[in-house]
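Have the structure open while you read.

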Amino acid sequence: MTRIFSGIQPTGRKHLGNYIGAIQQYVAGQDRGEAIYCIVDLHAVTVAYEPAELRRRVLDTTALLLASGVDPARCVLFRQSDVREHSELTWLLTSVTAVGELNRMHQFKSKSAAQRELVGAGILFYPVLQAADVLAYRADEVPVGEDQREHIELMRECARRYNARFVPDGGTTGLVVPEHRIPAVGARIMDLQEPTRKMSTSIGGDEGRIYVLDEPAAILKKCKRAVTDSENEIRVGPDKPGVTNLVDILAAARGTSVEAALATLADARGYGDLKVAVAEAVTDMLGPVRERYEALRADEDAIEAALAAGAAKAREIAAVTLHDVRTAMGVGPLS
Ligand code: AMP
Ligand code: TRP
């Protein structure tokens with residue numbers, strides 16, 4: 001069976017880009033294979049943060065995933081730091097990761113430039129931890145948004161280099177070279193106010209982002225104010241980033257193709273109608289998530305219990321990989 005792994009950061013409020021690019025795919029993955037999802041708190045310490053807030057955000061993000069339909073009975077859902085194998089494998093994988101590759105990562109360049117006080121080494125090593133997350137489970141597929149393409153390429157390279165160096169006979173103890181799974185529609189949702197830039201937790205203002213937990217009125221207001229162009233012609237293309245983004249959102253929220261979404265707009269009287277259609281589709285998609293969220297978030301003991309049970313299952317899988325890797329690399333006694 002296909003093994004699916006993905007991770008999500010417990011930082012900030014999750015937005016429409018996260019939902020369409022990643023969370024929707026997590027839910028779908030539970031029907032396609034053996035799904036393993038992780039809240040990556042160790043990744044979150046690579047930038048400035050507040051310890052108490054980080055702990056709260058893990059619970060926020062877990063409750064949001066549960067409200068979205070990620071179901072611990074049908075997947076493994078856990079907190080990254082609960083499974084220590086991730087940290088150990090990160091270190092071991094540094095032996096097959098080139099500093100030059102880490103230096104060239106777009107995210108490293110932009111995040112290190114944005115840090116005002118200390119540029120922690122964690123920002124450089126961030127992709128190695130991400131590689132360890134996936135490779136520890138020998139996952140076949142990694143559902144992510146477009147912005148993670150480079151990180152997946154790096155983990156593939158790590159796995160290939162590890163196998164060539166430490167498992168030269170190609171036996172079953174090697175690491176699996178994973179494939180990315182980037183959605184056909186909605187892999188890069190753009191900011192509503194600045195549609196040439198991706199919707200992001202850290203850049204831009206609230207008007208440009210729809211949050212998963214936004215009320216319908218806020219969704220409508222943000223859609224109505226979305227930046228378009230002066231043509232009033234509903235068509236997609238690189239010269240029309242604002243309209244293209246709205247049509248992409250419409251298609252992704254309804255679960256149809258862009259062509260099908262455009263066909264339903266044939267009678268639209270202009271951008272006003274498009275914006276209302278987008279707001280309705282997004283509200284239909286996110287409304288049930290918002291309605292379930294509060295009750296789930298309120299029960300912190302239940303969230304912690306679900307994460308602990310998930311971690312126990314995750315550890316069982318990761319421990320086998322770590323045993324193989326330690327053995328192959330000559331680390332620790334033979335066992
Ligand atoms: P993060 O919150 O940074 O952990 O991101 C969680 C997931 O959301 C990752 O798989 C990202 O690729 C995805 N993602 C983030 N921003 C966007 C966006 N604007 N459009 C589509 N997917 C996104
Ligand atoms: N770096 C990813 C992001 O910012 C989060 C992440 C951490 C991840 N580990 C992962 C994604 C493993 C996929 C697989 O979105």
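A residue counts as buried here when its relative accessible area is under 20%, as exposed when that value is over 50%, and as partly exposed in between. Leu129 has a relative accessible area of 10%, so it's buried. Keep in mind that this is a predicted model.

**Leu129 and its surroundings**

- Leu129 sits in helix α7.
- What does Leu129 touch once its neighbours within four places in sequence are set aside? Its contacts are then Leu42, His43, Gln80, His86 and Thr90.
- Glu88 is 41 residues away from Leu129 in sequence, yet the C-alpha to C-alpha distance between them is 9.4 Å.

**Ligand 1**

- There are 18 residues around ligand 1, and the closest are Gln9, Lys14, Gly145, Asp147 and Ile189.
- On its own, ligand 1 has 490 Å² of accessible area, and the protein covers 92% of that.
- Which helix gives the most to the shell around ligand 1? That's α1 (residues 16-32), with 4 residues.
- Sorted by class, the shell around ligand 1 holds 8 polar, 6 nonpolar and 4 charged residues.

**Ligand 2**

- Ligand 2 has 13 residues around it, with Gln9, Tyr126, Gln130, Asp133 and Gln148 coming nearest.
- How much of ligand 2 does the protein cover? The figure is 90% of the 370 Å² of accessible area that the ligand has on its own.
- Strand β1 (3-8) and helix α7 (121-135) are the elements that give two or more residues to the shell around ligand 2. The biggest share comes from α7, with 4 residues.
- The shell around ligand 2 splits into 6 nonpolar, 6 polar and 1 charged residue.

**Salt bridges**

- Side chains of opposite charge can pair when their charged atoms come close.
- With a cut-off of 4 Å between a side-chain nitrogen of Lys or Arg and a carboxyl oxygen of Asp or Glu, the count comes to 32 salt bridges.
- Arg235 pairs with two partners: it forms a salt bridge with Glu231 at 3.4 Å, N to O, and a salt bridge with Glu233 at 3.4 Å, N to O.
- How accessible are these residues? Arg235 is partly exposed at 28%, Glu233 is partly exposed at 38%, and Glu231 is partly exposed at 43%.
- Asp273 and Arg269 also meet in a salt bridge, at 3.2 Å from N to O. Asp273 is partly exposed, with a relative accessible area of 25%, whereas Arg269 counts as exposed at 72%.
- A network of salt bridges links Glu101, Glu153, Arg156, Glu157, Arg160, Arg161 and Glu179.

- Most residues other than glycine have a negative phi.
- Arg138 isn't a glycine, but its phi is positive, at about 50°. Look for it in the loop between α7 and β4 (141-143). Is Arg138 buried or exposed? Its relative accessibility is 16%, so it counts as buried.
- Asn232 also has a positive phi, near 55°, in a residue other than glycine. Its place is the loop between α9 (216-224) and α10 (241-254). Asn232 counts as partly exposed, because its relative accessibility is 46%.

Technical notes. Residues are numbered from 1 along each chain as its sequence is written. Chains are lettered from A and ligands numbered from 1 in the order in which they are written. This is a predicted model: local features need pLDDT of at least 70, side-chain atom pairs count only at pLDDT 80 or more; totals for chains, interfaces and linings use all residues. Side-chain values use heavy atoms; hydrogens and water are left out. A residue is near a molecule or strand if one of its heavy atoms lies within 4 Å of it. Accessible areas come from the Shrake-Rupley method with a 1.4 Å probe; for residues, only the protein chains shown count as cover. Ala, Val, Leu, Ile, Met, Phe, Trp, Tyr, Cys and Pro count as nonpolar, Asp, Glu, Lys and Arg as charged, and the others, Gly among them, as polar. Buried means under 20% relative accessible area, exposed over 50%, partly exposed in between (1.4 Å probe, protein chains only). Contact means heavy atoms within 4.5 Å.
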